[in-house]
Amino acid sequence: MLLDEQPVVIAQLARLSAAGIQVSIDDFGTGYSAMAYLKRLDIDTLKIDRSFVRDLTTDPGDLAITEAIIAMAHKLDIKVVAEGVETLAQQARLSAAGCDYSQGFLFSRPLPEASFFALIANPAP
């Protein structure tokens with residue numbers, strides 16, 4: 001939808017932002033998620049694609065890209081979520097790079113609704 005850059009789309013995103021609704025770009029760094037959107041749109045959060053997170057502890061290139069995305073986003077006052085975090089080593093690298101949030105199997109696999117509410121009612125120490 002954003003690829004068309006139609007004024008009606010830009011206006012709608014501005015109205016959503018004014019109403020307090022946050023806008024995120026998913027799978028940043030792959031496909032159609034372009035850095036140009038960061039200039040043109042009021043973006044609150046970038047979600048780093050799991051393809052960079054998967055090997056960031058073994059591939060210096062993936063680590064460099066991930067760190068650069070985090071630094072760039074923070075310079076633009078945008079929060080960052082890393083997708084696909086599966087190991088403590090990945091989480092440690094992301095934390096050291098200043099990543100704001102992480103999601104992935106390290107924290108929980110997908111859960112049925114009742115199990116999800118049980119998990120958040122009794123968070124791990």
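The model is predicted, with local features requiring pLDDT of at least 70 and side-chain atom pairs counting only at pLDDT 80 or more, while totals for chains, interfaces and linings use all residues. Residues are numbered from 1 along each chain as its sequence is written, and side-chain values use heavy atoms, with hydrogens and water left out.

The protein chain contains six helices and four strands, taken as DSSP runs numbered from the N terminus (helices H or I, at least four residues; strands E, at least two). From the N terminus, their order is α-β-α-β-α-α-β-α-β-α. The C-alpha trace spans about 45 × 40 × 25 Å along its principal axes.

Strand pairing requires at least two DSSP bridges between two strands. Strands β2 (residues 45-48) and β3 (residues 79-82) pair in the parallel sense over four bridges, with Leu-46 bridged to Val-80 of β3. A parallel pairing over two bridges joins β3 to β4 (residues 101-102), where Ala-82 has Ser-102 of β4 as its bridge partner. Between β3 and β4 the chain passes through helix α5 (residues 88-96) in a right-handed β-α-β crossover (clockwise from the first strand over the helix to the second, with the strands pointing away from the viewer).

Asp-49 lies in the loop between β2 and α3 (50-53).
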